[in-house]
Structure formats: C-alpha cells, structure tokens
Amino acid sequence: MRRPFRAPPAQKEGPRSNRDIRVPMVQLIDSEGENKGQTPTSEALAMAEEAGLDLVEIVPTANPPVCKILDLGKLKYENQKKAAEARKRQKTIEVKEVKMRPNIDDHDYETKMKAVRRFFEDGDKVKVTLRFRGREMAHQELGMRLLNRVREETNEISKVEAEPKLEGRQMMMVLAPRG
C-alpha cells in the first residue's frame, strides 16, 4: 500500500513572529526601543496587536528570548535591501589571460603590458602564457627571461601567485594584484 505524498511542513523564512513564539516569557523591547524587561508572551502579543505591529523574535538564543515590537514587513524589506546591497558590492575576481611569444616585438610587448596593468587596476588576476612554436623550444631561456621581465615591471602592483612553469609547449605564470 502506497502512502500519499505529503510535503514536509513549509519552513518559514526569517525570525519567528507573533503566534509562532511559543515560550511563556520573553525579554520585551517595545516599538520605541525601550526595554520592558521580562514579560509574559501573551501580554507582549496583546501590546503588539494594540500598536498594530508584530512581535518579532530578535535573539532566539537568549534566555528568555529577546522580542521586539515592530513591523515585520518593514523588517523583511530592510533585510532584502541589505542583502541586495551586499551582492552589489561583491566583486568577483576574474583571471585574465595575456598570450605572448618568446620573440615578441617591443611595441607588441608594451601593448600587452598596458593591458596587464589595466587588469590589475580592475582587481583581476593575470595569467601570462608564453607559446613556443617549432624550434623555439630549444631556447626556453628566452621565455624565462621574458616572464621575469614581466614580473619585474609589475613588481610594485602585483605579486606572483604561480611561479613560471613549462607545460608542454607553453610556459605559464599567474600574477595577482597587491591589495
């Protein structure tokens, strides 16, 4: 025999309020922010209803729990606004890649370095990739010299996160902005 599916009881978001507070006594703070001391929960609920507001549990871990008389809708709205503001201020750090060749021309090198500096200003990490083709593999010291030159030129604004290493025909190094 199959039992009918019964969804688990819905978990409410946010703090407990009004009739959900099932303790006999609460530490009450009224709508003006004044501490009224320990009050029976039924009395606190009556005071909240009289003021046309909600009784909201602020510190559920306290003994007795601290409850405040306030507008629950307004509290939820304020919390949503704070969360949205925090998300907006959060910066995701990206890893930007700059590709070079061991025998790069001076002007091309300067252009790439401008891009690298701009990435650091934006707070991003930079992965410098050197690609060896054909017989260039015989002159890996040129690649190492080039990566060391990049490291020295960005020394004041960046720090090495991953030392230069050879993987197949590529040499890589990761730099992070100093901050």
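1. Contacts along the chain. Of the contacts in the protein chain between residues at least 6 apart in sequence, 55% link residues at least 24 apart. The model is a predicted one.

2. Overall dimensions. The protein chain has a radius of gyration of 31 Å, whereas a compact globule of 179 residues would have one near 16 Å. Taken along the principal axes, the box filled by the C-alpha atoms is roughly 85 × 55 × 25 Å. Of the 179 residues in the protein chain, 30% are buried. The accessible surface is about 12800 Å², and carbon and sulfur atoms account for 49% of that surface.

3. Secondary structure. The protein chain holds four helices and eight strands. In sequence order the pattern is β-β-α-β-β-α-β-α-β-α-β-β.

4. The four-stranded sheet. Four strands form an open sheet in the order E2-E1-E4-E3, and the pairing is mixed. Strand E2 (35-40) and strand E3 (54-59) are at the edges with a single partner strand each, so one side of each has no neighbour in the sheet. On average, neighbouring strands of this sheet are turned by 35 degrees against each other, direction ignored.

5. E1 and E2 run antiparallel and are joined by five bridges. E1 and E4 run parallel, with three bridges between them. E3 pairs with strand E4 (residues 66-70) in the antiparallel sense, over five bridges.

6. Isoleucine 29 has asparagine 35 as its bridge partner in E2. In E4, the bridge partner of isoleucine 29 is lysine 68. Lysine 68 in E4 also stands opposite valine 56. In the hairpin of E1 and E2, five residues lie between the strands, and glycine 33 has a positive phi near 85 degrees.

7. Helix H1 against the sheet. Helix H1 (residues 41-51) lies across strand E1 (25-29), E2, E3 and E4. The helix runs at about 120 degrees to E2.

8. Threonine 41. Leaving aside residues up to four places away in sequence, threonine 41 touches Ile21, Val23, Pro24, Met25, Val26 and Leu55.

9. Backbone points to check. Most residues other than glycine have a negative phi, and most peptide bonds are trans. Where does the chain have a cis peptide bond? The bond from asparagine 63 to proline 64 is cis, with omega near -5 degrees. Proline 64 sits in the loop between E3 and E4.

10. Asparagine 18. Asparagine 18, a residue other than glycine, has a positive phi, near 45 degrees. The residue lies in the segment before E1. With a relative accessible area of 22%, asparagine 18 is partly exposed.

How values were computed:
Residues numbered from 1 in each chain as written. Predicted model: local features only at pLDDT ≥ 70, side-chain atom pairs only at ≥ 80, totals over all residues. Heavy atoms only, no water. Pairing = 2+ DSSP bridges. Helix = DSSP H or I, 4+ residues; strand = E, 2+ residues; numbered from the N terminus. Axes fitted to C-alpha atoms, helices over the stretch in contact; angles between N-to-C directions. Contact = heavy atoms within 4.5 Å. Rg over C-alpha atoms; globule rule 2.2 N^0.38 Å. Buried < 20%, exposed > 50% of the residue type's maximum accessible area, 1.4 Å probe, protein only. Areas by Shrake-Rupley, 256 points an atom, 1.4 Å probe, with all protein chains shown as cover.
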